[in-house]
Amino acid sequence: MEHRSSIEELVSELRRYVDLRVQRTKFIVVEKCVYLLAILAFVGIATLFIGIAICYLSYSFVHLLQIYVGAIVAHVLVSLVLLLVVLLLYRQRRDWILDPIARVMTRLLIDDEESK
């Protein structure tokens, strides 16, 4: 009889251990999701404000250039500069966008598990 109760106790402890591991895993998943959502929110808000700032600056630059080259040429020059910036971003997308995202995701999802 004592043998049966120790097996039941062992099974009970095993269930408790599994429940605790499942609960810990849920907490880890929630923590990582919150971190990712915070990063996405920050990047979204920062992108919005940077876009607005670029619009204001480019419009101001157009007004400045109008004095020297005329309205149409000023708009064309500012548009060409913005297109060159977009081209530069496209050419450097791996170094400036993809690699940093990969580093953050790796640090968040892989390195964190290995450090424990």
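User: Buried means under 20% relative accessible area, exposed over 50%, and partly exposed in between (1.4 Å probe, protein chains only). Is Ser-58 buried or exposed?

Analyst: This is a predicted model, where local features need pLDDT of at least 70, side-chain atom pairs count only at pLDDT 80 or more, and totals for chains, interfaces and linings use all residues. Residues are numbered from 1 along each chain as its sequence is written, and side-chain values use heavy atoms, with hydrogens and water left out. Ser-58 has a relative accessible area of 16%, so Ser-58 is buried.

User: Which residues does Ser-58 touch, not counting those up to four places away in sequence?

Analyst: Ser-58 sits in helix H1; helices are DSSP runs (H or I, at least four residues), numbered from the N terminus. Contact means heavy atoms within 4.5 Å. Ser-58 touches Val-78 and Leu-82.

User: Is Gln-66 partly exposed or buried, and which residues does Gln-66 contact beyond four places in sequence?

Analyst: Gln-66 also belongs to helix H1. Its relative accessible area is 28%, so Gln-66 is partly exposed. Leaving aside neighbours within four places in sequence, its contacts are Ala-71, Ala-74 and His-75.

User: How far apart in space are Gln-66 and Gly-44, C-alpha to C-alpha?

Analyst: In sequence, Gln-66 and Gly-44 are 22 residues apart. In space, the C-alpha to C-alpha distance is 33 Å.

User: How many disulfides does the structure have?

Analyst: A disulfide is a pair of cysteine sulfur atoms within 2.5 Å. Cys-33 is partly exposed because its relative accessibility is 42%. Cys-55, at 52%, is exposed. Searching the whole structure for disulfides gives zero.

User: Which elements give two or more residues to the lining of the largest pocket?

Analyst: On a 1 Å grid over the protein atoms alone, a pocket is an open set of points where a 1.4 Å probe fits, with protein on both sides within 12 Å along at least five of seven lines; lining residues have an atom within 4 Å of a point. Here the lining includes Leu-36, Thr-47, Leu-89, Pro-100 and Met-105. The elements giving two or more residues are helix H1 (2–69) and helix H3 (93–114).

User: Where in the protein is confidence lowest?

Analyst: pLDDT is the predictor's confidence in each residue, from 0 to 100. The protein has a mean of 90, and 92% of its residues reach 70 or more. Helix H2 (residues 71–91) is highest, at 95. The lowest mean, 83, belongs to H3.
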